[in-house]
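Here is a short report on a protein model. Look at the sequence and the structure first, then read on.

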Amino acid sequence: MAGAIIENMSTRKLCIVGGILLVLQVIAFLVGGLIAPSPTTAVPYMSVKCIDVRKNHHKTKWLMPWGTNHCKKLRDFDEAVSRQIEANDIVFAVHIPLPSKEMSPWFQFMLFIMQLDIAFKMDNDLKENAEITLDVSLAYRDDMFDDWEEIAHAIEIRKLKCTFGSPKTVESEGRHYDCDFLPFMEIGSVAHKYYLINIRLPVNDRKGINVGIGEIKDIRLVGIHQNGGFTKVWFAMKTFLTPSILIIMVWYWRRITLMTRAPVLLEKVIFALGISMTFINIPVEWFSIGFDWTWMLLFGDIRQGIFYAMLLSFWIIFCGEHMMDQNERNRLSGYWKQVGPIAVGSFCLFVFDMCERGVQLKNPFYSIWTTEVGTELAMAFIIVAGICLCLYFLFLCFMVFQVFRNISGKQSSLPAMSKARRLHYEGLIFRFKFMMLITLACAAMTVIFFIVSQVTEGHWKWGDITIQVNSAFFTGIYGMWNLYVFALMFLYAPSHKNYGEDQSNGDLGVNSGEELQLTTTITHVDGPTEVYKLARKEAQE
Amino acid sequence: MDPYLGIFFLTPFFQSCYAWSVNNFLMTGPKAYLIYSSSVAAGAQSGIEECKFQFAWDRWNCPERALQLSSHSGLRSANRETAFVHAISSAGVMYTLTRNCSLGDFDNCGCDDSRNGQLGGQGWLWGGCSDNVGFGEAISKQFVDALETGQDARAAMNLHNNEAGRKAVKGTMKRTCKCHGVSGSCTTQTCWLQLPEFREVGTYLKERYHKALKVDLLQGAGNSAASRGAIAETFSSISKKELVHLEDSPDYCLENKTLGLLGTEGRECLKRGKALSKWEKRSCRRLCGDCGLAVEERRAEMVSSCNCKFHWCCAVRCEQCRKRVTKYFCVRKEKRERSGGGGASRKLKRKL
C-alpha cells in the first residue's frame, strides 16, 4: 500500500537508516562529552570594601577593587569602627573578571548571585523577614585605561532568608548565619571586556532602610557564564544541523505536493514540527558575537517554547490520526481540548518569561522573585502552566490507551478483512507502534540523561579521558531531537513506490484502486461510504 | 599580623626556594612567591587563632610556644596537639589563599593553562579556570610543606597532618547550585564549591583531633632507606583525612619547663552558663578538679558598651554599662587554704 515510506521500506534498509541515525546520535553525545568543556563556569568573587572618601556621594564615582587606580580598602569592619567610617561611606566593589583575564562575547550571558556573610551578634540580631536595600550600579569598559561607562543603576530590595545553626548565645557570637543566596543580576550578552559592580548599603534610621540586617561581614558574588568552548561547539552543531533539517524539510514538502490530493493534517503538523526545529536550529546567535543583543537569551527561550509546544501538539495529533475509529478528524479544531492546555500553558510561561527576562533587558538587577506580588504572580503562572501540562499528559495517555485498545480490537478482526483493508490497518498499526517506540525511547533518554547530569559532579574521568557529562547531555539531547524530527520527516513522508509497481502489475488494478482510496484519507476509511465502496468492489471481483 | 609568624614562615621558604624551582608550576624564582607571602602569613595566623578558640577550654590551650611548626632542634614533639597545629595552620593558609584569590589579589588563580588549555591554549575563554581552592591548596602545599626538610617519621607525620588540614578545607566546602534554564527552570544548572566559615574547618579538625590515630614508628627508626620505606608505607595506608601522631601527649596539668608547658594553674574555666555545651560545662572539672587544683570564684565589675544602636557595619551609639561578672579560675589548693581567713573564700568553699 502507498502509505508512508516506513511501511514500504525493507527491514534491511530500515535497519541501515536506524544504524546511521544511531551513529549520528553517538557522535552528538561524544562532541559534547569529549570536545566541549563544561557548559558553564561559576567564578566566585569576594567584594572589596572600599571607602568612598568624598564628602557628598551625588556624582557617581567608580571605585575599583584592584588595579592601578584601586580604592582605599578596608580589611574588615573593625578597622572601620576604629577609624570612624560610617556605613554609608562603604562601597563593595567587584571587578569582573578577576585580574589578567577579560570577558568575551563567547560567554553569551552572565548571571550573578549574591551571598551575604552576616555575623551573629547578641545585641545586633537579624530581624525576622529582614529586607536589605542595595544601591547597585554596573559599568563597563573595553580598555584598561578607559573611563567606566554606566550600564545600569538601580535601588533593589531583597529579602533575607537566614537561619542560625548554633544557639543564640554570647559564645556563638561571630558565627555566620546560613543565608540563602539572592538573585543579583542577569545580562543576556557579554559585549564588553571589563565590568565593574559597585554596591552600597545605604542606612537610613528614619525610613528604616537597612536597619536590623545584622552585622554584614562580607558580600560575595558568584558569576556564572557560558564557557566559550561550549558556545563554539554549540554554534558549530547548530550550523551543521540547520541545513540538514532544512533539506529534509524541502524534500518532505515536495513529496507531499507531488501527490494528487491535498496534504492531510498529520502531514502538515509534521511539517510544522520541522519548521519549529529549524527555527531553533538557525544559528542567529552568531550575531551576538558582533552585536550587543541582550535580548538573545529571551529569544532563545521563546524559540525553545515554540518547539516544545509544537512537539506536544504533534504527539496528540499523531495519536488522534491513528485512532482507527469512526470519527472524522483531520482538522485542528477537532483537537481543541488537547491542544488548548498546551496553548494556555505556553502562553503562561511566555508571560512569566517576559516578566522576568523581558524586564531584565531594562534593569539587569530585576528579579520577579524579590517582591511579594511578583512571587505570587510568578507562582501563579508556573502553577497554571503545570496544571496545563498535567492535563495534557492525561489526555495523551488516554489517547494512547484508546489507540492500543482499538489496535487490539482491529488485530483480532484482521484475518477476516480484505487484503487492502488489512494492509491499510497493518500499516497504521505498524506506523503507530514504531512511532510510540522511538518517542518513548527519546523521552526516556532525555529524562535519564537529565537525571544523570543533575546527579553527577559534571565530569567523569577514565584514565586520561575526561567526559563532560553536562555538555554531553546538552549536545546529545539536542542532537537526538533533531534526529527525531529528521527521521519523522523522512520515514513518514508519503511513499510513491507503489505507483510504479501499479503500472506494471495491471492485474492488481482493483486492489490498488482500493489502496488509493484508502491512502487519500488516512482516517475515515471506516465510514459507511467506504464500507459500501469496498463491499461493492469485492462483489465485482 | 604577627610579625614573628611571618618571619617564621618565610625564612625556611627563602632557604629552600632553589629546591622548588624544579617542580613549581606557577613561575620561576623566589620573587614570584613574595606575592603570596603576606597571605600565607595571615593564613597561618588565622589558623592559630582558630586553634586558640577551639582549645580555649582544654588543658592544652594552644599556647604560642606550640606554634613553632618546624624547629631544627630535636626537641620537636609529635603528639596529638602537634598534629592539630599542623593541620589547622596549613588549612588556614589554604583558606586565606583561596579567599584572597576571589578578592582579586593574585594574577593567576586557578588559571594554570595545564588543565583546561588543551584546546587553543586560552583556558579561561575555552573552559573557564579551575577552582580557586585548587590554587590555594597548591600554594599552601608549596609553602607549608616546604618547612619539613627531614625525612624521618616526624617529618612524614607533619606532612600527613598538613595534608589532613587541606583535606579538611575541601571536605567542609559546600556545594551550591543555581538553576538557570528556560524560564529559570533546572534544565541548566551550575554548581560550585563554596568556602565555609573557617570556624567550620576548625570544628571539623577538632573532631579529627579527638579521633587522631597513633602510629608506632619511633622505636628503632634510623635514617636508613629501609626505615624510610616503612614510614612511607605506613603513612600511605592511613586515610589522608585522619590526623596522625607518634607520641602520647604529656600531662598538661603540670608545668614542665623543658617541654615549655605552663600547666593549668591560673586558667579560667566556665561554669553554670545558660547555654554551654557539655564540653564547656565540664571545663572546670577538667582544668582544675582533675588536675588537683581548686576552683576559685572571682567577682569583678566590668564596664562594657551596651544598648548600642547598630548598623550593618560600624556601631554608632552605645551606652556604658557596669556589669557584675563571676569568673572561675584554677588555683592550687594549699594556696587557697593559706588565704582561707577571708569571708569571701569561706563562702566560696561552701559553694564548691
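What volume does the largest cavity have? The largest cavity has a volume of about 230 Å³. This is a predicted model, where local features need pLDDT of at least 70 and side-chain atom pairs count only at pLDDT 80 or more. Residues are numbered from 1 along each chain, and chains are lettered from A.

A cavity is a set of points on a 1 Å grid where a 1.4 Å probe fits but cannot get out, and lining residues have an atom within 4 Å of a point. The whole structure holds 10 cavities of 30 Å³ or more. Pro44(A), Ser102(B), Leu193(B), Gln194(B) and Leu195(B) lie nearest the centre of the largest cavity. β1(A) gives the largest share of its lining, 4 residues. The lining divides by class as follows.

| Class in the lining | Residues |
|---|---|
| Nonpolar | 11 residues |
| Polar | 5 residues |

Now the cores. A nonpolar core joins buried (under 20% relative accessible area, 1.4 Å probe, protein chains only) Ala, Val, Leu, Ile, Met, Phe, Trp, Tyr and Cys residues through side-chain atoms within 4.5 Å. The largest has 133 residues. Among the members that touch the most others are Ile90(A), Tyr484(A) and Trp312(B). Helix α11 (residues 469-491) of chain A gives the most to this core, 14 residues. A second, separate core has 39 residues, including Trp60(B) and Leu243(B).

Tyr484(A) touches (heavy atoms within 4.5 Å) Leu311(A), Phe314(A) and Met435(A), among others, leaving out residues up to four places away in sequence.

Technical notes:
Heavy atoms only, no water. Buried < 20%, exposed > 50% of the residue type's maximum accessible area, 1.4 Å probe, protein only. Helix = DSSP H or I, 4+ residues; strand = E, 2+ residues; numbered from the N terminus. 1 Å grid on protein atoms, 1.4 Å probe; cavity = no way out; pocket = protein on both sides within 12 Å on 5 of 7 lines; lining within 4 Å. Points joined across faces, edges and corners; volume = space filled by probe spheres on them. Nonpolar A, V, L, I, M, F, W, Y, C, P; charged D, E, K, R; others polar.
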